[in-house]
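Subject: The structure, and some notes to go with it

Hello,

Here is the structure for you to open alongside this email. Have a look at it first, and then read on.

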Amino acid sequence: MHTYKAAPDVDVVTSTATIASFGNLAINAFVIHAAEPVLVDTGAVRESEDFMATLQSVIDPADLRWIWLTHTDFDHIGSLQRLLDENERLRVITSFLGVGIMSLAAPLPMDRVYLVNPGQTVDVGDRTLTAVRPPAFDNPITAGLQDERSGILFSSDCFGALLDEVPECAEDLSDEELRTGQVFWATVDSSWLHTVDRAVFASDLDRIRRLEPTMILSSHLPVARGSSMERLLDALAAVPDAPPFVGPDQAALEQMLAGAAG
Ligand SMILES: [Fe+2]
Ligand SMILES: [Fe+2]
C-alpha cells in the first residue's frame, strides 16, 4: 500500500488486489484536504492495519472531519469502524440504505451520520461536495461525488479496470489496455448493464459527460485526467454488448486444485 498525489489537495491511498488469471485491480481511497478534511472510502477489510499506517503518512486521522462512504462493500469499509472509534468528531456521509446495511455488521451512530441522495450537497468548509449517482455500480447504496471547487469526480466503482499492471495515471495505459480492462471490470461489477436500454444508458452517460470533470478518481482505476473522459465513457458504452462474465465453475475449480496439487 502506498500514496501518491492526484491533485495538490487530493492524496490517493492505494493498494492492488491480484485476481488470479483475471488481472490486477487498484483499490483506492482518497483524502481531500478541504477546510474540513474528507476521506473518501476506507480501504479493504483485510488491509486495515496497513491502511491506517499509510493514511497517517498523508494526514493525521484525528484531523479528518468526514468520511464519504461511496458504498459498503468490503473494499470500501475496511477502516471505517476504527476511524470512527478513534476520532469522535468524524461523521459519515452515506445514504439511508448505507446506514441500513451497516446496521447488520457495525451499526453507525445516527448522530454521526449525514444522509445524502444524488444531487444533494455537503458543505465541508471551503467547498461543497455534490452526491453523484455513477452510471455503473454494484451496490444500490452507491453515491460518488463531485468537488465543486476542483471539479474532480469521485466515481466509486464506476470506470474501474482490471489491468496487467496498475500505473498511477490512466494516461500511461494504451487505449486498448484501458478499454479492455474497463469493459471486463464492468461486466463483472455491473453485470446488469447487459440488460439496459441502450438509449437510456447513453443518456445517462451524457449526464456524466455534462459534469465536465477535471479529473476522474475511481476506486478501481489509476487517476484519470478530464481529457480522458471520452475514452472512459466510450468503454462503458460498449459494455452492454460485451461478452457477459461467467466465473469458473466447480469443474474448473477442481482442475485448478488438481493442477496446484500436481
Ligand atoms: Fe463495489
Ligand atoms: Fe469497490
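First, how to read the notes. This is a predicted model, in which local features need pLDDT of at least 70 and side-chain atom pairs count only at pLDDT 80 or more, while totals for chains, interfaces and linings use all residues. Residues are numbered from 1 along each chain as its sequence is written, chains are lettered from A and ligands numbered from 1 in the order in which they are written, and side-chain values use heavy atoms, with hydrogens and water left out.

Donors here are N, O and S atoms within 2.8 Å of the metal (3.2 Å for Na, K and Ca); water is not among the atoms, so sites may look incomplete.

The iron ion (ligand 2) is held by Asp75 (OD), His76 (NE2), Asp157 (OD) and His220 (NE2), with distances of 2.1 to 2.2 Å. The spacing of its donors along the chain is D-H-x80-D-x62-H.

Which residue do the two sites share? Aspartate 157 bridges the iron ion (ligand 2) and the iron ion (ligand 1), and the two ions lie 3.4 Å apart. Histidine 76 sits in the loop between strand S5 (66-68) and helix H2 (80-86), and aspartate 157 in the loop between strand S11 (152-156) and helix H4 (175-189), so this pair ties together parts that are 81 residues apart in sequence. Histidine 76 is buried, at 0% relative accessible area, and aspartate 157 is buried too, at 3%.

**The strands**

Helices (H or I, at least four residues) and strands (E, at least two) are DSSP runs, numbered from the N terminus. Two strands pair if DSSP finds at least two bridges between them.

Six strands form an open sheet in the order S8-S9-S10-S11-S12-S13, with mixed pairing. Strand S8 (121-123) and strand S13 (224-225) stand at the edges with a single partner strand each, so one side of each has no neighbour in the sheet.

S8 pairs with strand S9 (residues 128-132) in the antiparallel sense, over three bridges. In this pairing, threonine 121 has threonine 130 of S9 as its bridge partner, and valine 122 has leucine 129. The hairpin of S8 and S9 has four residues between the strands, and glycine 125 in it takes a positive phi near 100°. On from there, S9 runs antiparallel to strand S10 (residues 144-147), joined by four bridges; valine 132 is partnered by glycine 144 of S10.

Another antiparallel pair is strand S1 (residues 2-7) with strand S2 (residues 10-19), over five bridges. A hairpin of two residues joins S1 to S2, and tyrosine 4 has valine 12 in S2 as its bridge partner.

**Two backbone angles**

Most residues other than glycine have a negative phi. Aspartate 41 has a positive phi, near 70°; this residue lies in the loop between strand S4 (38-40) and helix H1 (48-55) and is buried, at 1% relative accessibility. Serine 156 also has a positive phi, near 60°. Serine 156 belongs to strand S11 and counts as buried, at 1% relative accessibility.

**A nonpolar patch**

Ile19, Phe22, Val188 and Phe245 make a nonpolar surface patch of about 270 Å². Patches are made of residues with over 30% relative accessible area and no salt bridge, with like charges joined within 9 Å and nonpolar side chains (Val, Leu, Ile, Met, Phe, Trp, Tyr) within 5 Å. A salt bridge is a side-chain nitrogen of Lys or Arg within 4 Å of a carboxyl oxygen of Asp or Glu, and accessible areas come from the Shrake-Rupley method with a 1.4 Å probe, where for residues only the protein chains shown count as cover. Of these residues, valine 188 lies in helix H4 and is partly exposed, at 33% relative accessibility.

Best wishes, and happy browsing!

Conventions
Buried < 20%, exposed > 50% of the residue type's maximum accessible area, 1.4 Å probe, protein only.
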